Amino acid sequence: MGRLLVNLSSSLLLLCLICGGSMVVRSQSDQETWCVAKPSSDEVALLNNLNYACSIVNCTIFQEGYSCFYPNNNISHASIAMNLYFQSHGRNYWNCDFNSSGLIVSTDPSFEDCVYLFGN
């Protein structure tokens, strides 16, 4: 039994070396991800997220007359602001927490002319 474990360990090490020495799991920041407000978020949380994110990033995109103004509601605008913050701060999971009201998604939430930023 002990010999089997040694052989298995040696085989895994050899496999790792054959693969170039790097068996790397992709981090979330390597994948296309966006941050949006959880649908269950209450209005107070959404307003707090809007105020916080927009104090740091440029939220002009959802001002009246710009491509992401409609739908004109807090969950849409908060999602855009939260994503702008998330993208500009490295796409780390903790940059989308927003007191547990943020949700990281791998499906692009862009719609019509409103494009959710991906990348820095």
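Me: How far apart are the sulfur atoms of Cys35 and Cys96?
Reply: This is a predicted model, in which local features need pLDDT of at least 70, side-chain atom pairs count only at pLDDT 80 or more, and totals for chains, interfaces and linings use all residues. Residues are numbered from 1 along each chain as its sequence is written, and side-chain values use heavy atoms, with hydrogens and water left out. Cys35 and Cys96 form a disulfide (a pair of cysteine sulfur atoms within 2.5 Å). Their sulfur atoms lie apart by 2.0 Å.

Me: How many residues apart are Cys35 and Cys96?
Reply: Cys35 sits in strand E1 (residues 34-37); strands (E, at least two residues) and helices (H or I, at least four) are DSSP runs, numbered from the N terminus. Cys96 is in the loop between H3 and strand E2 (102-105). The pair links distant parts of the chain, and the separation is 61 residues.

Me: Is Cys54 buried, exposed or partly exposed?
Reply: Buried means under 20% relative accessible area, exposed over 50%, and partly exposed in between (1.4 Å probe, protein chains only). Cys59, joined to Cys54 by a disulfide, counts as buried at 7%. Cys54 has a relative accessible area of 29%, so it is partly exposed.

Me: Which hand does the disulfide of Cys68 and Cys114 have?
Reply: Cys68 and Cys114 form a disulfide, with sulfur atoms 1.9 Å apart. The torsion about their S-S bond is about 105°. The disulfide is therefore right-handed.

Me: What pattern do the disulfides of the chain follow?
Reply: A search of the whole structure finds 3 disulfides. Bonded cysteines are counted along the chain. The pattern is 1-5, 2-3, 4-6.

Me: How are H2 and H3 oriented to each other?
Reply: Helix H2 (residues 43-54) and helix H3 (residues 74-88) pack with their axes 9 Å apart, at an angle of about 40°. Axes are lines fitted to C-alpha atoms, for helices over the stretch in contact, and angles run from 0 to 180 degrees between N-to-C directions. Angles under 35 degrees count as roughly parallel, over 145 as roughly antiparallel, 65 to 115 as roughly perpendicular and the rest as oblique. H2 and H3 are therefore oblique.

Me: Which residues in H3 meet H2?
Reply: Contact means heavy atoms within 4.5 Å. From H2, the contact includes Leu46, Leu50 and Cys54. On the H3 side are Asn74, Ile75, His77, Ala78, Ala81, Met82 and Tyr85.
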